[in-house]
Amino acid sequence: MENRSFRKLGRTVGVVGLGAWQLGADWGQVSEADAHATLRAAVDAGVTFIDTADVYGDGRSEQIIGSFLKDRPGLTVFTKMGRRLPQEPGNYHLDNFRAWTDRSRANLGVDTLDLVQLHCPPTPVYSSDAVFDALDTLVEEKRIAAYGVSVERVEEALTAIARPGVASVQIILNAFRLKPLERVLPAAAEAGVGIIARVPLASGLLSGRYDESTTFGADDHRNYNRHGEAFDVGETFSGVDFRTGLEAVGRLRPLVPAGVTMAQFALRWIIDQPAVTVVIPGARNPEQARANAAAAEVPALSPETGEMINTVYDELIRPQVHDKW
């Protein structure tokens, strides 16, 4: 698998990683045995980067990964913090940061976290000098090796990239969310900030496996967060109306090369963006993990295909999402 660099960390990772939200909660039940099998399949297929958060299953995702690391050391694991308390700027201070990172260190079984990300905090947090001074303190104390941010909005990403200590920005990027291409990716490349592309399949819409009859379980955010009832609606189907997303997939499907799945096509488009460091599709079973990793071996898409993706976005998706995030 192609490796790309987190320049401020001095380390490289495979361009396809694994998002571990599914291993914690909110996507239906995944047993611990199935979670370990999924992790093994991903790593055996070339994945070297795993993204998790302290809130995924209230620590369950971190704990499963920590158990896995005992037998498979050497992986790069980024976690996130800040969503276990009410989303108030005043909760983002050094004492809480110490407590949150100590909990994640225990869950993952490590002395120093590879990197911790602020987990889509309130917008004012990105402009707080005290917050970033506290993160610098965590680095000095060796609780964390580096820090980054996971964001909802382009403006938040740009504010974070301007901070000299920020090593990575995690942002929604997929064929239904093109806005980061305009300013975020160029700014990150210039600043040497890594880009983690999250929600790459638009919560599965871009896998091509769903139709109008598809239903989701009561414990699946694609059921209970369709309109932002639990958290930012952009996290579910990238904020795109389900029916509109299905129509867009129908228009994209003829562009998929022979022998390539719709999901691999969607991931390959992200990989083709040179400023992207790693894309983090989730997986609930070994088959999904292996298929996602194989997207790294798909040949680069043609410029004509890229133009068609832009056209579908402009005609169907842009009116819904472009000005929101």
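The structure holds 21 salt bridges. It is a predicted model of a chain with 11 helices and 10 strands. A search of the whole structure also finds 14 aromatic pairs. The points below take up the salt bridges, the rings and the chain as a whole.

**Salt bridges**

- Arg-98 and Glu-141 form a salt bridge, and their closest N and O atoms are 2.5 Å apart. Arg-98 belongs to helix H3 (residues 94–108) and Glu-141 to the loop between H4 and S7, so the bridge ties together parts that are 43 residues apart in sequence.
- Both partners count as partly exposed: Arg-98 has a relative accessibility of 26%, and Glu-141 has 30%.
- Asp-102 and Arg-105 also meet in a salt bridge, at 2.5 Å from N to O. These two residues lie in helix H3, three residues apart, which is about one turn of the helix.
- Asp-102 is partly exposed at 30% relative accessible area, and Arg-105 is partly exposed at 21%.
- A network of salt bridges links Asp-95, Arg-98, Asp-102, Arg-105, Glu-141 and Arg-143.
- In helix H10 (residues 286–294), Glu-287 and Arg-290 are three residues apart, so about one helical turn separates them. They form a salt bridge in which the closest N and O atoms are 3.7 Å apart.
- Glu-287 counts as exposed at 51% relative accessibility, because the cut-off for exposed is over 50%. Arg-290, at 43%, counts as partly exposed.

**Aromatic rings**

- Among the 14 aromatic pairs is that of Phe-132 and Tyr-147, whose ring centres are 6.2 Å apart; their planes meet at 50°, so the pair is tilted.
- This pair links distant parts of the chain: Phe-132 is in helix H4 (residues 129–140) and Tyr-147 is in strand S7 (residues 147–150), 15 residues apart.
- Phe-132 is buried, with a relative accessible area of 3%, and Tyr-147 is buried at 3% as well.
- Tyr-224 and Phe-231 have ring centres 6.4 Å apart and planes at 80°, so this pair is edge-to-face. Tyr-224 is partly exposed, at 26%.
- Ring pairs join Trp-21, Tyr-56, Tyr-224 and Phe-231 into a cluster.
- Arg-226 lies over the face of Phe-242, 4.7 Å from the ring centre.

**The chain as a whole**

- A compact globule of 325 residues would have a radius of gyration near 20 Å, and the 18 Å of this chain agrees with that.
- The C-alpha atoms fill a box of roughly 55 × 40 × 40 Å along the principal axes.
- Of the 325 residues, 57% count as buried.
- The accessible surface is about 12,900 Å², and 48% of it belongs to carbon and sulfur atoms.

Notes: Residues numbered from 1 in each chain as written. Predicted model: local features only at pLDDT ≥ 70, side-chain atom pairs only at ≥ 80, totals over all residues. Heavy atoms only, no water. Phe/Tyr/Trp six-rings, centres within 6.5 Å; stacked < 30°, edge-to-face > 60°. Helix = DSSP H or I, 4+ residues; strand = E, 2+ residues; numbered from the N terminus. Buried < 20%, exposed > 50% of the residue type's maximum accessible area, 1.4 Å probe, protein only. Lys NZ or Arg CZ within 6 Å of the ring centre and 35° of its normal. Rg over C-alpha atoms; globule rule 2.2 N^0.38 Å. Areas by Shrake-Rupley, 256 points an atom, 1.4 Å probe, with all protein chains shown as cover. Salt bridge = Lys/Arg side-chain N within 4 Å of Asp/Glu carboxyl O.
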